[in-house]
Amino acid sequence: MGSELTFRSGLHDVVPTTFGYIGVGLAFGVVSRTSHLSLWTVLLMSLVVYAGSAQFIITSMLLAGSPISAIIFSAFLVNSRMILMSTSMAQYFKKYSLATNIGIGSLLTDETFSLGMNKLNDTGRRLTPVWFHTANVVAYLVWAAATVAGALIGNLITDPKVFGLDFALVAMFLGLLYLQMISDRSKKLSLQLLVIAFVALAVYVLLIFVSANFALLGGTILGCLFGMEVRKWR
């Protein structure tokens, strides 16, 4: 990645992650068209909601005729993890204005959060608004464009899984996790693998008792607490 925190470096760093946005965005566009959503609805949802998993859920719930209150609650629940991510990232922007923090937090995604965490390893634990705004805005625009493109070709592709588009998001997350593990010099690899194993086990157990969204959120919180305790013990 490099240690620069400029517009150019932000553009350079975010470009590789946009391929994941393109794959998932195309898949959503195809699904939305087969669910009889208009092109303008797809674009508006991508610009306002801007959350891949939530948009898939909203589309399926609209198709099923679910009440608006249930749709809003489901979208909030799916993206509740962003509260944790935003809180974690906010500590690096304490000296900047409220408007700057709101701008960064509004467009923060799983991918740009991971990108920011990886960048910290090369910059002495520093981040700048211009770098983060660049990464966020580029990702935002690529996502919107990809969903519209998917909607346009939706009538030609009946099953996105044939092209592996449903695996694009998973592949991107695996790549970001790998980059985080090999670039984070502040933590030993053994500790990172131990926390990953714990989170996987925690999520697996929680899935027995709660929904997938609650399990993901709970596993994340438990993983953070577990990692903190292990570091103290070591």
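Predicted model: local features only at pLDDT ≥ 70, side-chain atom pairs only at ≥ 80, totals over all residues.
Local features here require pLDDT of at least 70 and side-chain atom pairs pLDDT 80 or more, while totals for chains, interfaces and linings use all residues. Residues are numbered from 1 along each chain as its sequence is written, and side-chain values use heavy atoms, without hydrogens and water.

Q: What distance does helix 10 reach from its first C-alpha to its last?
A: Helices are DSSP runs of H or I with at least four residues, numbered from the N terminus. Helix 10 covers residues 189-209, 21 residues in total.

Q: Within what arc do the buried residues of helix 10 fall?
A: Buried means under 20% relative accessible area, exposed over 50% and partly exposed in between (1.4 Å probe, protein chains only). In helix 10, Leu 191, Gln 192, Val 195 and Ala 202 are buried. They line one face of the helix, because their directions from the helix axis to the C-beta atoms fall within an arc of 95°.

Q: Is Ser 32 buried or exposed?
A: Ser 32 is located in helix 1. Beyond neighbours within four places in sequence, Ser 32 is in contact with Leu 37, Val 42, Thr 59 and Ala 151, contact being heavy atoms within 4.5 Å. Its relative accessibility is 0%, so Ser 32 counts as buried.

Q: How far apart in space are Val 15 and Ala 139, C-alpha to C-alpha?
A: Val 15 belongs to helix 1 (residues 7-34). In sequence, Val 15 and Ala 139 are separated by 124 residues. In space, their C-alpha to C-alpha distance is 8.2 Å.

Technical notes. Helix = DSSP H or I, 4+ residues; strand = E, 2+ residues; numbered from the N terminus. Expected span 1.5 Å × (residues − 1).
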